[in-house]
Amino acid sequence: MSRLFRVVFVLWAGSLWSLAAWIALTLFHAQPDRHLAGMLAARLFSIETYVGLAAAGLALLGARRRRFGRGFAAAGLLAADEWLVKPAMTQAQAHGKALGLGFGPWHGVAAAIYLTACLLVLWLVWSEDLK
């Protein structure tokens, strides 16, 4: 179980930063249809949420749960982004506003949440809390 957790955690940490640093940017650069690029990016961000929840679930099952606090926080942030912010973004895109905000501000909220999750996971890796 410990090795499976390490593999899932390392994949999650690497893919979080890869998606933020170059995959999403490449999608928008290579795909001339911005709507399609956005749909693809949204799907990839959703996958990140599920990989993060899998890492958190494996951490709960193992002895590392006390040292995975920042990982739990990051997974929680991604879940909130997925199930609270993303629906608001979708509504704002379709109707012009959601809860008083347009798509742009909601996208900014989602980006800030994602970046915070990335930083929490980086902090966890950097501090070697998983030894």
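**View 1. Leu25 in helix H1.** Leu25 counts as exposed because its relative accessibility is 57% (buried means under 20% relative accessible area, exposed over 50%, partly exposed in between, with a 1.4 Å probe and protein chains only). This residue, Leu25, sits in helix H1 (helices are DSSP runs of H or I with at least four residues, strands are runs of E with at least two, and both are numbered from the N terminus). Leu25 and Gly108 are 83 residues apart in sequence, while their C-alpha atoms are 15 Å apart in space. The model is predicted, so local features need pLDDT of at least 70 and side-chain atom pairs count only at pLDDT 80 or more, whereas totals for chains, interfaces and linings use all residues. Residues are numbered from 1 along each chain as its sequence is written, and side-chain values use heavy atoms, with hydrogens and water left out.

**View 2. The whole protein, for orientation.** The protein has four helices and zero strands, in the order α-α-α-α along the sequence. Its C-alpha atoms fill a box of roughly 45 × 35 × 20 Å along the principal axes. Of the 131 residues, 34% count as buried. Among contacts with a separation of 6 or more, 70% join residues 24 or more positions apart (contact means heavy atoms within 4.5 Å).

**View 3. The surface and its charges.** The accessible surface of the protein comes to about 7,800 Å², and 70% of it belongs to carbon and sulfur atoms (areas come from the Shrake-Rupley method with a 1.4 Å probe, and for residues only the protein chains shown count as cover). There are 12 positive and 6 negative side chains, and the centres of the two sets lie 9 Å apart. Lys and Arg count as positive and Asp and Glu as negative, while His and the chain ends are not counted. Each charge is placed at NZ of Lys, CZ of Arg, CG of Asp or CD of Glu.

**View 4. Gln31, between H1 and H2.** Gln31 lies in the loop between H1 and H2. With a relative accessible area of 22%, Gln31 is partly exposed. Beyond its neighbours within four places in sequence, Gln31 is in contact with Thr26, Leu36 and Ala37. Ala37 is also one of the buried residues of H2.

**View 5. Helix H2 and its buried residues.** The 28 residues of H2 should span 40 Å at 1.5 Å a residue, and the end C-alpha atoms are 41 Å apart, which agrees (the expected span is 1.5 Å times one less than the number of residues). Ala37, Ala41, Ser46, Glu48, Thr49, Gly52, Ala55, Ala56, Leu58 and Ala59 are buried in H2. These buried residues of H2 pack against H1, H3 and H4.

**View 6. Gly71 in helix H3.** Gly71 is found in helix H3 and is buried, with a relative accessible area of 0%. Not counting residues up to four places away in sequence, Gly71 touches Trp12 and Leu124. The C-alpha atoms of Gly71 and Ala59 are separated by 8.8 Å, with the two residues twelve apart along the chain.

**View 7. Met89 in helix H3.** Met89 lies in helix H3 and counts as buried at 14% relative accessibility. Residues up to four places away in sequence aside, Met89 touches Phe103, Trp106, His107 and Ala110. Arg64 is 25 residues from Met89 in sequence and 35 Å from it in space, C-alpha to C-alpha.

**View 8. Leu99, between H3 and H4.** Leu99 has its place in the loop between H3 and H4. Its phi is near 50°, a positive value in a residue other than glycine. At 80% relative accessibility, Leu99 counts as exposed.

**View 9. Helix H4 and its buried residues.** Helix H4 (residues 103-126) has 24 residues, which should span 34 Å at 1.5 Å a residue; its end C-alpha atoms are 34 Å apart, which agrees. The buried residues of H4 are Trp106, Ala110, Ile113, Tyr114, Ala117, Cys118, Leu120, Val121 and Leu124. An α-helix has 3.6 residues a turn, so residues three or four places apart point the same way. The buried residues of H4 pack against helix H1 (2-30), helix H2 (34-61) and helix H3 (69-95).
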